[in-house]
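Subject: Structure for your review

Dear colleague,

Please find below the structure that I am handing over to you. My findings follow it.

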Amino acid sequence: MATGIRDKVAILGMGCSKFGERWDASPEDLMVESYVEAMEDAGIEPNQLDAAWFSHHIDDIGAGKGGTPMSIALRLPNIAVTRVENYCASGSEAFRGAVYAVAAGAADIAIAVGMEKLKDTGFGGLSPTNYGTLTPQIGPSGSAPGNFAQLASAYRAKHGVSAEDLKRAIAHVSVKSHANGAKNPKAHLQKIVTEEQVLNAPMIAEPLGLFDCCGVSDGAAAAIVTTPEIARSLGKDNLISVKALQLSVSNGLENQHNSWDGSYFHTVRIAAKKAYAEAGITKPREQISMMEVHDCFSVTELVTMEDLFISDEGNAVKDVMDGFYDADGKIPCQIDGGLKCFGHPIGASGLRMLYEMYLQLQGKAGARQLNNPSIGLTHNLGGQPANNVCSIAIIGALDA
Amino acid sequence: MSDVGISSIAGYLPRLRLSKKTVTQANAWLAPNLAGKGKGTRTMANWDEDSVTMSVEAIRRILGRDDDRSHVDTLFFASTTMPFADRLNSGIIRAALTLEEETQCIDITSTLKSGTSALIQALDKVKSGKSSHSIVSAADKRKARAASPQELNFGDGSVAISVATENLIAKYINSSSLSIDFIDHFRQPGEEFDYNWEERWIRDEGYLKIVPKAINDLFRKSQIDGSSIDHFILPSVFPKLDQKIAKKCGIDPDKVVNNMGLSVGDTGSAHSLLMLASVLEKAKPGEKILVCSFGGGSDVLLFETTENITNFKPEQTIENLIESGTEENNYMKYLTFNDLIKWERGMRGEQDRKTALTTLYRHNDAIMGLIGGKCSKTGTIQYPASPISVSPNSPDLNTQEPYKFAEKRAKILSWSADYLSFSINPPNHYGVVDFEEGGRIMIDFTDVEKGEIDSGMEVKMVFRVKIVDELRGFTRYFWKAIPV
């Protein structure tokens, strides 16, 4: 029986670039920006790094394939660099690799860097991609918003929610994230928006309007991990440790089997249960202090609240409207602005979520600092509702 | 020798009907001479329809929803607008209909009388005993220049006919064909548009001389005269020309069949046979029908309805089809669907759409025929089939048996109307549909407008163009869902 990752690995340092339309910055610039901050925070030298993981989703418009782009950009001392890709959950995948290497004893100190340079495509949103040679021949010619928007129609049909009520609830999700993002100097979007603005924005994919969709951004984030013992030997105290790391991957059931009703994320429920068990959490609604979830679209965040077993099934609309997930609510969600406003440089996003939890747990989150959080959860999703990977991480004070 | 003839017939017309007035008004500044043609409508194919997809749809209407189509041994496809100059177009239709591989598939093209010529071939083949059940389908989606008379004359549509020796609704009596190099219009390979000669010459020297010659030849062979004809079919865009020719051949002008010029337009290769469908759905036993076509000469066929005609009740008659259309008053949409203007497709329209032909062939049944799998152990139905079944907790290896989805009804589970992804008819509708016996597909919807679909709505499958790879000149087909 696996003993799990709980408290075996501590975060030694983290860094995150400014996210946004970084017209000025190359992929290398972005990586360096996050790396320098993380290395300074860790207080180590490059030759103390044993292994590296590099997450990067779209290689043809970013840094290219393989581990070399990171190794060259950061001039790493010829250590192992593994490039990982798992859709939009790639950043969590890099973190998982580094954490597992340390837990296995294969590396004393490991680094994970996630980076995406999306604003070299010439247009808004993500670039269309061919997934193999069969899928384009049988799959719909859709987009990310069109795929995630389908959650809304299925959720409404299942729970009998009116189109207007759901639209208003998902609008509140975005209004809240904009309010949070406005307090984050590294966020891509730092302006507050009103519910009226969100409701009246141009339609992208029914029922998702412009403000229901996250920013498409350039950015990079980095994490350096080690064992609690080594961290202490390096003079660190008040350590933040990894409590759980779970990944659940669709096996085609949602896409091909009638048992899935289209209104929720099958993988999220599986990953969440395993993550809570690994972290020893029995009452997530009481025990979790804060969350960064994969709010690629407002409706994703709304249904995710149920899939993480925070809101009861069918009750997310009420919780959202009650302000349960607002900055002053019981479990603040997207306190850094989320994908919605901090931005979504794909390969970096999972690490960016962890970065915010790490800052909050250390009391270093500035104007958006929460009051004594002890457990933070990140939920990093890749793919689309019918076919996805879900990565959940829980971190907290080592003694929590 | 047993009788040979038609055992079933069905037409297909695209949903949209372009208002001709919309066209003439838009072009009035440029082509005021066309104002007189601004009456009625013409059928307007969706951007994802072509002669192949429309043929598939017409043939499905005569075959019904039965999975077993092994009784069909020959398929003739007639069109002047075949999507491929070199790829067996009737072979695409065969694959979509999941007809047996042994079905002989024949393309007949290059003339507007290709539809009637294909029918003559099928009748002869069945008569000779070399086929027991042949299907003839004719379709055209002809392109015309903006502000041209052809734009207002043409229509898009298809027809399918079952030719057999049993259960005949119309018995074949005889035919006559003339092949004459009379060039009223022409189009070389690679050219988008016809080049047309003067209409008066076509009418006087072409129709009025060639068609009567073919008719009289048939009358002579069959030892009948015009007075015995109950229905006279001759497509033409010239007003009253059909009546003039009828009179010339001793046929009562009242027997002239409406050519649907003000509702459908001239569907080219399909049109004589589409008009035949409109006659057969109303005809009584013992009526003689003369079917004529014009183009590179003329074909004339004579049929007589049988007692079975009283039981011939098509699910959708031509009359129903005409009535059920949706009027389209957006000329720009017509121009865009038919690639007649240069419009801004955005960067998303630049995506490379190369089709892996190896993959297409490896998954030919799944892609072209919408055949999935049914697990022989658990009964789980899935699309596409896979080596290991998707059955939850029962990942059985190599248990998939072919399962046909195309004729099954489904219900919409989830959907969206997407304005972001590239579409020739935005918003791009797609979603997950659950099939009546199980199985699901995330699939494009077509022939729907914004606000017309919702979860729980019943849909059926249609075979359509998925994408056109303009870089390589390849049309990729797949199935889409439309509301029932």
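Two residues are taken to be in contact if their C-beta atoms, placed from the backbone, lie within 7 Å. Please bear in mind throughout that this is a predicted model.

**The interface between the chains**

By that criterion, 33 residues of chain A are in contact with 41 residues of chain B. On the chain A side, α4 (135–138), α5 (144–159), β5 (203–205) and α9 (253–256) each supply at least two residues. The most comes from α5(A), which gives seven residues to the side of chain A that touches chain B. Sorted by class, this side of chain A holds 14 nonpolar, 18 polar and one charged residues.

**Chain A as a whole**

Chain A has 15 helices and 11 strands. Its radius of gyration is 20 Å, close to the 21 Å that the globule rule gives for 400 residues, so chain A is as compact as a globular protein of that length. The C-alpha trace of chain A spans about 55 × 45 × 45 Å along its principal axes. Of the 400 residues of chain A, 62% count as buried. Among contacts in chain A with a separation of 6 or more, 78% are between residues 24 or more positions apart.

**The domains of chain A**

Chain A is divided into domain 1 (10–119 + 218–233) and domain 2 (144–212 + 239–397). The C-alpha centres of these two domains of chain A lie 24 Å apart. Their contact takes 36 residues from domain 1 of chain A and 33 residues from domain 2 of chain A. On the domain 1 side, β1 (10–16), α3 (90–104), β4 (109–116), β7 (219–226) and α8 (228–233) of chain A each supply at least two residues. The largest share of that side, eight residues, comes from α3(A). By class, the side of domain 1 of chain A that touches domain 2 of chain A has 21 nonpolar, 10 polar and five charged residues.

In soluble globular proteins, nonpolar side chains tend to be buried together. In this model the largest nonpolar core has 263 residues, of which Ala98(A), Ala222(A) and Ala223(A) touch the most other members. Helix α15 (residues 346–362) of chain A contributes the largest share of this core, 10 residues. Leaving aside residues up to four places away in sequence, Ala98(A) touches Trp53(A), Ala110(A), Ile111(A), Ala112(A), Ala223(A) and Val225(A).

**The domains of chain B**

Chain B is divided into domain 1 (5–337) and domain 2 (347–370 + 405–483). Taken over C-alpha atoms, the centres of these domains of chain B are separated by 28 Å. Here, 17 residues of domain 1 of chain B are in contact with 14 residues of domain 2 of chain B. The elements giving two or more residues to the domain 1 side are α2 (51–63), α3 (89–97) and α10 (331–337) of chain B. The residues of that side divide into seven nonpolar, four polar and six charged.

**One loop residue in chain B**

Glu166(B) lies in the loop between β7 (157–164) and β8 (170–179) of chain B. Glu166(B) counts as exposed because 12 other C-beta atoms lie within 10 Å, and the cut-off for an exposed residue is 12 or fewer. The C-alpha atoms of Glu166(B) and His133(B) are separated by 9.3 Å, and the two residues are 33 residues apart along the chain.

Yours sincerely

How values were computed
Residues numbered from 1 in each chain as written. Chains lettered and ligands numbered in written order. Predicted model: local features only at pLDDT ≥ 70, side-chain atom pairs only at ≥ 80, totals over all residues. Helix = DSSP H or I, 4+ residues; strand = E, 2+ residues; numbered from the N terminus. Nonpolar A, V, L, I, M, F, W, Y, C, P; charged D, E, K, R; others polar. Core = buried A, V, L, I, M, F, W, Y, C linked by C-beta atoms within 7 Å. Buried ≥ 20, exposed ≤ 12 C-beta atoms within 10 Å, placed from the backbone. Domains from an automatic or database assignment. Rg over C-alpha atoms; globule rule 2.2 N^0.38 Å.
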